[in-house]
Structures are given as structure tokens and as C-alpha cells.
Amino acid sequence: MPHTSSSLVPGQPLTPAVFHILLALADGDKHGYAIMKDVEEQTAGRLKLGPGTLYGTIKRLLVASLIEEVGERPDPELDDERRRYYRLTADGRKLALEENQRLTQAVKAARLKRLSNRPLS
Amino acid sequence: MITNRWIVFSQHLYRGLLRLYPQTYRTSYESEMFHLFTDQCREAYKGQGWAGILSLWARILIDVSVTAIREHLSTPRASVGLLDIAPNAVLPWKGVLLVLVPGLIFFVSQIEQVTSSNDWFFLVFYRAGYFLILPVLLVWLLTRRFPVWGLIPLGLLYETLWSYGQLTPLSRLPFIGRWFVGESVNLFGMRINTYDLRYLLAASVCVILLGTLIGYNIRRRQIPLGAWKWLGLCGLLIVFRMAGEVYRFGVLQSQYLSPEELWAYLFPITLWYLYDSLPFLVLVFIGMLFARKYGGFSFLLLLGYLLPTIIFGRYGAWNEYVPFYLVSAAVLVYRFVVALVAPIWLVRAASTPGRQRAAAIPVGVAIATHISLNLISFLAVVSQNNYQPSLLDVVMTIWNQLIISAGLGLAVSLYLPRNNDRVIVSPPDLVSAAE
């Protein structure tokens, strides 16, 4: 997998922005504003991506072939402006799954050490 | 769709801020970022009115500041000038501005020093050497690339550490300082003050370092014939300086000291002049480590070394003997050509001959200014003290400037080979490790 950015180092945890953007695209193609809104919902408003952070991360994910552009079209729910849509690639989905496993493992370890209110399932 | 003056004003402002990003990045994402920002503005205004817009701007300013710098550092074409240079091309103006920062600080503070009663001496001469290197080290750490605009601060730091080094007694050194607490030691049959042993140590370090660097470059056949001639001239000038100073002091003191005392007196003087003459040559060869990447731009390292060479202000000791306006004019000319003219000319010259001229002419003017000032000051001082100077006294006063001039000739022949535009050195360990 071609990882070229310092925020996408193989074997290292993903940054919150990278992980949540991959997560936002897991259930379908989205344009920038929709990705930003999805990330806000995922994190209950704790992670608000600015345009620079969002498109800087998108640029790196494109270079690493973790997402791809799938053309421009208007979003019927917003306005008639054409917006560029992005899609998760197979590599991106695999990386998001690996990160999810890592986080799940970390949560499991936290519960074992009684650092979580929820019981171990 | 909500649109009002808050949103329209914010759009205008944000469009202006987008210019801070690299051109290549803007071509791909400017329109998308502008649309996203507009969507965020409308949402913020819909939720909290103008307070929502202000809150959004607080986040946007941080976002733009961080990401614009990140994109400049990570976009290959945008980093030309900021971190890298295009081979055999002029440096873009954004890089020129960064190269000029140390010189501007020195030049402006020099004007301040000669026009007001504030003493900027320590700030400019010593402290600048330390704080100007900090952003360079930070960028080097973050990007693992040594920026081209870091060469002048590196030369300045080298000069500052060397200047401080000669003031430091060995007894203050950590771990080994306790061995040099005694007043004198027996060395080569002479009683030498431990305070003077620092010159022996420093001169030995310089000789070993210089020999290692020259040997490194000889093994890689990176020293052209022309450079050997300059190196030989440097060696001769250094030997003559040491011999000349020993002769001067020897003649002066021979009538008061016994032969044993005279040698003990002259020994540290010899070492001091060796130590005083070698660091510039060492720096010239350190510059070779950067020459593969920077070519002729490595000369900036030497400009950093020369930057603090003349610092005189309104209340300097020289003003007791030489008219203030003369000192000020000489110092400002020196500072102007070393700090401002030479760096711009060097990095904007489009060819090797142009860079050779850019390296030689401004620095030549600066050295001539320095020599003139030293000479005038010396003659003024001796005339005030009714001392009749010999020709040797006059020559030795300016001799170190001749060594530096020969060192600069050596640097030009090493960094700026006459016959081709290609850089002549192979990948040095230091730079390739940094890459």
C-alpha cells in the first residue's frame, strides 16, 4: 500500500482526522461538506474539521490510494452547486478495519483493567 | 440559502486567506474549500447568528495557520525555496526573504546602534546566534531536511560558539574541568598556565577536524587543483601570521624575560593565533558537506560567519580615536554588503559565473572595508599613545583579513567550480543522513 504521508505511517495508529474520514466514507460516497458533517456526528461534535484539515487529509488519502474521486454532481439536499464526491477504496476499507481492530483491542484492554463503565462482553 | 453581510464579508476574507496555500494545492482544492467554508458559515449563522460566525472564525484561523504551513512544507514544488532549491536555478523570492532574515536583523539593529544610546551589542552579536538557529532546527526536525535559509544561521552559530569558546577556561568544562584547576603545569619543559591550555586544546581540535575533513574530501577526489592553490596560500598566510606575531611579541619582551620565561610567554600566543586562524578554514570544509545539495548556495554558510565580524556602536572604544561618522559609515557599508547585497545576489544569480561574482565582489568590498577600518583604528590608537609602529605592526593588523580572503577564494573554487555547473561533491554522510 503506498503510504507517503507522515500521518499515514504503516503500522502506526491513524490520526483522528484520517480515521473518521475513512469511517465517514464507509457507508457511501460523500462530498466534503457531507464528510465534515458525518465526522461531527461520529464524534458528537468533538471533532470539527476545518476546510484546510479536511482537504489536506483528503489530498494525502488520495495520494495513498485509500480513497478516490468519483466525479462531480450537485447535492439535491443542499443546492444546485456541483460538488466533488469521494469513495473509499479497498485499501482504505482494509486500513479502516485494521484501525478498528486496534481500537477494539484497546477498549477491551481498558475494560479488563476496569477503566471502562461497561462490562466486558 | 442564507446570505447576509456577515457571510459575504467572511467569504471575501477567506478567499484572501486561501492565497496563503501553495499554488498547486489551490489549483486542486481552492474551490472545494471555499464552498465548504461557505456551508460552514451558513450553518454557523443559522445556529447562533453573528456569534456563530465569530466562533467559526476562531477555528478557521487556527486551521488556516496550521494547514497552510503544512502544505507548504509537504508539497514538493511549493517547498522549492522554503526547504529545497531547484538545481542550477535562482531561489524563489519566498526563499530569498527567509535567507535575508538574519541579515535584516543585524542591519536594522546596527542602524539602531549607531543612531541611539541603546546598546544592542549582546543581543545582536551573541544572542542572535542562538535564537536564529531555533526555527532552522525545528524545520529540520519536522521535515528531516535542512532548509537552505538555515545556512546563514548555522554559520552565525558556529562563529558565536567559537567566539565564546575562546573565553571559556578549561576549569569550567564539565567532567574534566577539575583537572585544570591548578595554576600551572609542566609542558614540554615549560611552565604553562592552565588557563592557556585551552588554546592548545582548541588548536588541536581545529587541526584534527580540518585534517579529517580534508582527508574525507581527498578520498572522494573532491578538491580541484585550483582549491589546492588557495589552500596552500591559506596555510602560508597562517604560518606567516604565527611567525610574525611571535617575532613582534618576542622582540618586545626579550629584554624583560629570560629565555625560558620568553618561550613560556610565546607558546600560548602561538597557539592562540593558530586557533584564531583555523576555524574559518574548518567552516569552509564543513560547507562542503552541504555542497551536494546546495552547490554555490553553500557560500551562505560563510556569510553567516562573517555577519557579526564588525560591530561598533556610538559608545565603542574605537570612537575615542576615530571619528564616529567614519566608523558608522564603514560598519554600515560592511553590514549592508554582507547582510543584504551578497545573499540576494548569490541566490538570485542565474549562472555559475554570476554566483562567482556575487560571492567575490560584495565580500571583497566588505573585507576591504574591514581592513581599512582596522588599519585606521590601529594607526589612530598608536598615534594617540606616541608609539612608532613598524611595518610589521601594520601588516599584522590586517593579516587575519587576508587569511579570510584566501579562505573565501578556497570556498569559491570548492563550491562554485569554474568549468561546469554541476556540484562536485558526492553525498556527504551528514546531509544524506539528514535526508
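In this predicted model, the contact between the chains takes 15 residues from chain A and 16 residues from chain B. On the side of chain A that touches chain B, the elements giving two or more residues are helix H2 (32-42) and H3. H3(A) gives the most, with seven residues. By residue class, this side of chain A divides into five nonpolar, five polar and five charged residues.

Chain B was examined next. Its secondary structure comes to 15 helices and two strands. Chain B has 435 residues, and buried residues make up 37% of them.

The largest nonpolar core holds 80 residues. Within this core, B:Phe299, B:Leu302 and B:Val338 touch the most other members. Helix H10 (residues 259-294) of chain B supplies the largest share of the core, 17 residues. The contacts of B:Val338 can be listed, leaving out residues up to four places away in sequence. Another core lies apart from the largest one and has 39 residues. Its members include A:Phe19, A:Ala24 and A:Met36 from chain A, and B:Ile53 from chain B.

A:Ser65 is not a glycine, yet has a positive phi of about 60°. A:Ser65 is found in the loop between helix H3 (51-63) and strand E2 (67-74) of chain A. Around A:Ser65, 15 other C-beta atoms lie within 10 Å. The cut-offs are 20 or more for buried and 12 or fewer for exposed. A:Ser65 is therefore partly exposed.

A positive phi also occurs in chain B. B:Arg221 has a phi of about 50°, although B:Arg221 is not a glycine. The place of B:Arg221 is in the loop between helix H8 (197-219) and helix H9 (225-253) of chain B. B:Arg221 has 10 other C-beta atoms within 10 Å. An exposed residue has 12 or fewer, so B:Arg221 is exposed.

Notes:
Residues are numbered from 1 along each chain as its sequence is written. Chains are lettered from A and ligands numbered from 1 in the order in which they are written. This is a predicted model: local features need pLDDT of at least 70, side-chain atom pairs count only at pLDDT 80 or more; totals for chains, interfaces and linings use all residues. Helices (H or I, at least four residues) and strands (E, at least two) are DSSP runs, numbered from the N terminus. Two residues are in contact if their C-beta atoms, placed from the backbone, lie within 7 Å. Ala, Val, Leu, Ile, Met, Phe, Trp, Tyr, Cys and Pro count as nonpolar, Asp, Glu, Lys and Arg as charged, and the others, Gly among them, as polar. A nonpolar core is a set of buried Ala, Val, Leu, Ile, Met, Phe, Trp, Tyr and Cys residues joined through C-beta atoms within 7 Å.
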